[in-house]
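Hi everyone, thanks for coming. Please have a look at the structure on the screen, and then I'll walk you through a few parts of it.

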Amino acid sequence: MRLRPAKKTRKAIKRATKRARRGYVRPDASPYTLKPRLQREVIEKLAKLIDQQGPKLNTDRYTLLEIVDRLLRRYIHVPRPASLRAHMVFSMFVRPGGRIRSGVSTECHEWRGSYRAGFPVVTTVNSQSGERLMVDARKHIILNPPNGKRRNLRTIPENKCGNERCVNPKHITMVLSNPLSHQGENHPRSKFTDKDIVRMVKEYNAGATAKQISKKWGMILPYVEQIMRKEKRTEATAGLRIRGRFGYR
Ligand SMILES: [Zn+2]
């Protein structure tokens, strides 16, 4: 099935293009400048396509925005609307409904993208290294809330509803990836929480030397240096930029 912009949309674009030729609108303006309502229409069309094609769109291989770009190229022939965010695409892959399971009071949001080993997955690209990663969609939605701060936790998702196809954030709890893990701040002899480490890094970035930090916090100097080189306590500094001799790492 091939979707083209609706007849009305095509006509509006044509009219706007004519106006543009007469010099009323910049001739190179995007179709969205020519017709502001088009953004919403395109997003609605994308939602419909994703709903129809679901698992065939391979969220295990392509990122959410890559999938959208492929659909736009193939069916809609317009650039990606600026207001379309990855979390909106995520929600297009979700179908709420079904019985309300014990343990929760709302319906499940079943994932309609790809699965690996029975678990819903999405593909992401690490913004720093450019590395492509397939991640658990349940963890992804918890760590990247639509209107909140990105979090980074060494945890794995567990469904309160018992439905492992469900990506409803209200049904997911994050548990320590290994409750017996004795790494980082969970080490029985750990004196410094991850928050302490982040504070030290901030002081270091602000100009304090490793020696000053070692003295102030009562931490041995080599350990401070190792942290700043991202060799120790890496789970606390993941995603943080740390000043180094050759720029930030
Ligand atoms: Zn659920």
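Just after helix H9, Lys230 takes a positive phi of about 60°. Before I go on, please keep in mind that this is a predicted model, where local features need pLDDT of at least 70, side-chain atom pairs count only at pLDDT 80 or more, and totals for chains, interfaces and linings use all residues. Residues are numbered from 1 along each chain as its sequence is written. When I say helix or strand, I mean a DSSP run, numbered from the N terminus: helices are H or I with at least four residues, strands E with at least two.

Back to H9, which covers residues 221-228. Which of its residues are buried? They are Val224, Ile227 and Met228. Buried means that 20 or more other C-beta atoms lie within 10 Å of a residue's own, with C-beta atoms placed from the backbone; 12 or fewer would be exposed, and in between is partly exposed. Seen down the axis of H9, the buried residues fall within an arc of 95°, so they line one face of the helix. That arc is taken from the directions from the helix axis to the C-beta atoms. These buried residues pack against helix H7 (194-205), helix H8 (210-217) and helix H10 (234-237).

Now let's move to another pair of helices. The axes of H3 (residues 38-53) and H4 (residues 64-76) come within 11 Å and cross at roughly 100°. The axes are lines fitted to C-alpha atoms over the stretch in contact, and angles run from 0 to 180 degrees between N-to-C directions. H3 is therefore roughly perpendicular to H4, a label that covers 65 to 115 degrees; under 35 is roughly parallel, over 145 roughly antiparallel, and the rest oblique. On the H3 side, the contact is made by Val42, Lys45, Leu46 and Leu49, and on the H4 side by Val68, Leu71, Tyr75 and Ile76. In contact means C-beta atoms, placed from the backbone, within 7 Å.

One more residue: Met92, in helix H5 (residues 86-92). Met92 is buried, with 22 other C-beta atoms within 10 Å. Leaving aside neighbours within four places in sequence, Met92 is in contact with Leu46, Ala47, Ile50 and Asp51. Met92 and Ile43 are 49 residues apart in sequence, and 9.8 Å apart in space, C-alpha to C-alpha.

Finally, the hairpin: S4 and S5 have six residues between them, and Gly130 in the turn has a positive phi of about 75°.

Conventions. Two strands pair if DSSP finds at least two bridges between them. Two residues are in contact if their C-beta atoms, placed from the backbone, lie within 7 Å.
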